[in-house]
Amino acid sequence: GRLEAVTQQMGYHPQYLDSFLKMQHYLMHMDGPLPFDCRHYIAIMAAARHQCRYLVNLHVLQFLRAGGDPQWLRGLEFIPPKLRNLNEINKILAHRPWLITKEHIEKLLKISEWSWSLAELVHAVVLLAHCHALASFVFGCGCEQDEGLGGRGSLKALSLGNQCFCEATAGNSCSQELLRINRKRSLDSCMELDSLRERMQRIHVETEGREEMRLLQQDREEGEGQAMEVGVRGGGLYGTPGWLSLLADPDGEVTGATNLACYMQDPDFGYQDFARRDEDQTQVFRVQDYSWEDHGFSLVNRLYSDIGHLLDEKFRMVDGLQSSAMAKRQGCEPSVFKRGIWNYIHCMFGIRYDDYDYAEVNQLLERMLKVYIKTVTCYPEKTNSEMFDRFWKQFKHSEKVHVNLLILEARMQAELLYALQAITQYMI
C-alpha cells in the first residue's frame, strides 16, 4: 500500500504536493479539449524524449485504462497522423524550446483533416511541458532507481492497485489523504490486476489469426523485434506482445518497458548550449516583452479554461516554499537564493531578465550545485545518484527535493513561455 515514488518525494513539501496533484488531476482526468487516451499517449511521447521509463510505464497503464488502442503502443507508426504530427514540437520543446516558431504552430493548425484546434494545441503543449519537467524531477530525485536517494527513498515499481498521482482527487488536502493510504487497498489491487490481465488476454486472442502471424514472421525476418513473448503469468501460459509485457507481473507491479525509441523520431536531437558568444543576441527571450504573468496566463486560461489558475498556483507555491537552510548556507535571503536558481535555469533556455544581475548566479550557486541543476534540467537522463549525493552533503533530503521542485517549475514555465509566445504570434 505504499505511495508511488513521485508522490513520496513531493510529500516532503505537502503544500506543494496538494497544488501539484490538483493541477495534474485536472490536466489528465477532467474535462478538456483532448480525449483521455490521447492525453496519456502524449505524456508517453514526452517522457520518451528523456528515456524516462518510470513515466512511460505509468502512462502506458493509464492509457489502457482510458480505453486506448493497444496497437498504438507499438510506436509512432501506429498512431493517427494528427498525433504523430505533434512529434516535431515535442522534440523541440524538450531540448531546444527557443527554436519554436509560429510556423510550427501554423503547420499543426492548418493540416486539412488532421488539423489541431487552438484549444487542443494549448492542452497538448501544457501536457508536453509538464511531462518534460516531471521527467527532470523523476531523474533528479532518483525515482528511476531501485533504491531511493538520501534515506526515505522511492519505490522499486508502481503497484497497479495504488492510486497513481495522476488520479488523486482535486482539492480536499490531496497529499494528506494520499499519505494515509495503507494496505487495506490490497484487495482492490488484486481485483484490478485480475481485470487488467483478463483484458490483455482478451486483446491478444482477438488479434490472433493468420494475418497477424504472417506479419509477425515478416517482422522477425526484418529484425524489427516484433516477435511474441511467451511467459508464465499468474499460473497461466500465454503469448504477450513485447510492448504489453510490462503489465503482466504476477506481484501486481509494472515492470520494464520495451525500447522507448519507438515513441520518438530523431533520437540524436538533444540540448545544445544556448549561451554562445558568436550567436545572434536577438534570439534572447526577454521576459519584459513576454511574461507568464502578463501574457501567458491569460492566453492559456482563455483557450483551456481554469488550467492557467492551477498552473499559476503551482508556480506561486514553489516560490513560497521555505528554504531557510539553503539560504543560510549562502548567507542571503531565501527569496534571493531561489531567484538565483530560477534565473539560472531560465538562462540556460535563453530567457533573460533585464532587472537581474547575472553575476549573482556564480556568487550564490557553488559549482557542484550548478552541474547538478544543468544536468537535471537539460539532459536529466544523464543524472546519477553520485551527482545527487555530491552537492550539499550535510543537507536534508527535503532540501534537495526542494531544489528539484524549483527545477521542475522553472523548466515547465520556460517551455510554456516559448510555446505560448509562438501561439500568440500566430494569432496576431
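This is a predicted model: local features need pLDDT of at least 70, side-chain atom pairs count only at pLDDT 80 or more; totals for chains, interfaces and linings use all residues.
## Basis of the model

Local features require a pLDDT of at least 70 and side-chain atom pairs count only at pLDDT 80 or more, whereas totals for chains, interfaces and linings use all residues. Residues are numbered from 1 along each chain as its sequence is written, and side-chain values use heavy atoms, with hydrogens and water left out.

## Overall architecture

The protein chain contains 19 helices and four strands. Of its 428 residues, 55% count as buried. Buried means under 20% relative accessible area, exposed means over 50%, and partly exposed lies in between (1.4 Å probe, protein chains only).

The chain exposes about 18800 Å², of which carbon and sulfur atoms supply 46%; accessible areas come from the Shrake-Rupley method with a 1.4 Å probe, and for residues only the protein chains shown count as cover. Among contacts with a separation of 6 or more, 73% involve residues 24 or more positions apart. A contact means heavy atoms within 4.5 Å.

## The nonpolar core

The largest nonpolar core has 122 residues, and those with the most contacts inside it are Met 10, Tyr 41, Leu 86, Ile 373 and Leu 416. Helix 19 (residues 397-427) supplies the largest share of this core, 16 residues. Such a core is a set of buried Ala, Val, Leu, Ile, Met, Phe, Trp, Tyr and Cys residues joined through side-chain atoms within 4.5 Å.

Beyond residues up to four places away in sequence, Ile 373 touches Ile 341, Tyr 344, Ile 345, Met 348, Leu 365, Val 403 and Ile 407.

## Helix 4

Helix 4 (residues 53-65) has 13 residues and reaches 18 Å from its first C-alpha to its last, close to the 18 Å expected at 1.5 Å a residue. The expected span is 1.5 Å times one less than the number of residues. The helix is mostly covered, with 11 of its 13 residues buried; among them are Tyr 54, Asn 57, His 59 and Phe 63. Gly 67, which follows helix 4, has a positive phi near 90 degrees.

Glu 120 lies in helix 8 (residues 118-140) and is buried, at a relative accessible area of 17%. A polar atom of its side chain lies 3.0 Å from the backbone nitrogen of Ser 117. Glu 120 also touches Pro 33, Leu 34, Lys 82 and Ser 115, not counting residues up to four places away in sequence.

Lys 382 occupies the loop between helix 17 (367-378) and helix 18 (385-390). Lys 382 is exposed, with a relative accessible area of 54%. Leaving aside neighbours within four places in sequence, it is in contact with Thr 375 and Met 387.

## Aromatic pairs

The whole structure holds 15 aromatic pairs. One of them, Tyr 271 with Tyr 379, is edge-to-face, at 6.1 Å centre to centre and 65 degrees between the planes. Tyr 271 lies in the loop between strand 2 (236-241) and strand 3 (285-286), and Tyr 379 in the loop between helix 17 and helix 18, 108 residues apart. Rings of Phe, Tyr and Trp (its six-membered ring) pair if their centres lie within 6.5 Å; planes under 30 degrees apart count as stacked, over 60 as edge-to-face and the rest as tilted.

Tyr 271 is buried at 14% relative accessibility, whereas Tyr 379 is partly exposed at 23%. Tyr 41, Phe 63, Trp 72 and Tyr 263 form one aromatic cluster.

Key:
Helices (H or I, at least four residues) and strands (E, at least two) are DSSP runs, numbered from the N terminus. A polar contact is a pair of N or O atoms within 3.5 Å; within protein, one must be able to donate a hydrogen and the other to accept it, and residues adjacent in sequence count only if both atoms are side-chain atoms.
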